[in-house]
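Look at the structure below.

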Amino acid sequence: MNIQNQEQSAVSALPANPSVAIVGATGAVGAVLVECLENRNFPLSQLKLLASERSAGRKVAFRGGDLEIQKLDVHAFEDVDIAIFSAGAELSRAYAPIAKAAGCIVVDNSSAFRMKDDVPLVVPEVNASALSLHSGVIANPNCVAAISSVALASIAAHRKIRRIQMSTYQSASGAGQAAMDELNDATAAALAGEAFEHSVLPHPYAFNFFSHNADIEGDGYNGEESKVIAELRRLFDLPNLPVGVTCIRVPVPRAHGMAISVELDAPLAPELARELLQNAPGVRVVDDRKANHFPMPVEASGEEEVLVGRIRTDLGDPSGHSLSLFVVGDQLLKGAALNAVQIAEALLATNS
Ligand code: A2P
């Protein structure tokens with residue numbers, strides 16, 4: 001059954017100032033979720049920070065005070081209205097049903113429910129209308145799908161997308177805080193001429209890049225690539241869209257890059273594409289050909305907007321229907337935490 005055809009099941013209305021919980025609050029995404037809620041002045045009555053027993057009791061600064069990390073357990077959601085999960089698919093599968101049964105709306109950052117018919121997969125700039133069809137759980141997309149879809153949304157609204165081909169340059173943050181730490185430690189060791197035993201990622205990370213660490217599946221694509229393909233189809237509501245992608249892990253802390261070629265149903269002049277992108281929500285055009293200045297991780301890190309540049313006709317498509325773009329977005333913000341907070345904001349907006 002398709003989500004679009006489904007009746008919305010009864011979900012209790014949210015209070016104007018909901019009680020919010022973050023599951024995985026000590027992780028790379030969890031920490032940025034706390035920052036986002038604070039920076040965007042999210043109207044919450046209580047913020048509950050949940051993590052494993054290892055972190056219980058640790059203090060996290062929020063709005064001028066300190067919040068104590070609490071151990072996640074089955075009772076954690078009893079006084080919570082919105083629970084944002086960012087602690088991996090296994091924990092989401094185990095605890096999201098418990099949170100939902102306790103009356104919470106779950107915004108899940110893991111891959112656990114992204115392909116479920118009764119769980120909308122939402123990027124507010126792309127398919128905000130899908131949100132109204134939720135029945136207690138909303139999925140936050142994979143970081144590459146989220147960032148690339150924001151870059152493509154204004155073009156998709158103007159021309160029909162026929163095909164997407166992309167290569168990614170993905171940062172350490174996508175593999176969690178431990179991978180970010182490994183990048184720092186491996187780089188420091190390499191600069192000091194010391195040996196370093198990598199333990200988080202499968203290959204040496206300093207001054208190196210490698211095919212994304214997700215397992216390779218039967219079709220030769222890795223798990224990350226399969227998620228990007230399936231999720232872009234779902235976000236654009238184009239179930240048969242041909243999408244090809246190669247995902248590469250690069251030694252960058254927290255912003256993902258992607259070189260995208262998008263084939264359209266008719267040619268789109270780069271000048272018009274630039275204009276569409278300049279007016280697109282969540283996008284900043286960085287496309288200074290004279291200065292050779294285009295999107296870069298150092299300029300995208302910490303930024304809410306997705307940077308888009310290298311806007312040109314793809315000469316690799318003889319029909320002239322394809323456009324090339326280079327896109328960089330903060331993996332922890334638009335690729336994860338910010339999108340989840342925007343979903344929560346949209347829930348409140350539709351609630352009022
Ligand atoms: P903790 O720091 O207590 O281990 P990242 O994706 O950056 O690796 O973060 C993973 C997040 O998931 C962390 O906040 C981590 O908490 C949390 N987490 C991992 N295992 C559990 C668990 N069994 N119960 C609750 N939280 C967990």
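## The ligand and its pocket

The ligand takes up the space of the largest pocket. A pocket is an open set of points on a 1 Å grid over the protein atoms alone, with protein on both sides within 12 Å along at least five of seven lines. This is a predicted model, where local features need pLDDT of at least 70, side-chain atom pairs count only at pLDDT 80 or more, and totals for chains, interfaces and linings use all residues. Residues are numbered from 1 along each chain as its sequence is written, and side-chain values use heavy atoms, without hydrogens and water.

There are 15 residues around the ligand. Thr 26, Ala 28, Ser 52, Arg 54 and Ser 55 come nearest. A residue counts as near if one of its heavy atoms lies within 4 Å.

Polar contacts are pairs of N or O atoms within 3.5 Å.

| Residue | Part | Distance to a ligand oxygen |
|---|---|---|
| Gly 24 | backbone N or O atom | 3.2 Å |
| Ala 28 | polar backbone atom | 2.8 Å |
| Ser 52 | polar side-chain atom | 2.5 Å |

On its own, the ligand has 570 Å² of accessible area (Shrake-Rupley method, 1.4 Å probe). The protein covers 68% of this area.

Arg 63 is not a glycine, yet its phi is positive, about 50°. Phe 207 is not a glycine either, and its phi is about 55°. Arg 63 is partly exposed, at 36% relative accessible area. Phe 207 is exposed, at 62%. Exposed means over 50%, buried under 20%, and partly exposed in between.

Conventions:
Polar contact = N/O pair within 3.5 Å; in protein donor to acceptor, adjacent residues only side chain to side chain. 1 Å grid on protein atoms, 1.4 Å probe; cavity = no way out; pocket = protein on both sides within 12 Å on 5 of 7 lines; lining within 4 Å. Sits in = over half its atoms within 2 Å of the grid points. Buried < 20%, exposed > 50% of the residue type's maximum accessible area, 1.4 Å probe, protein only.
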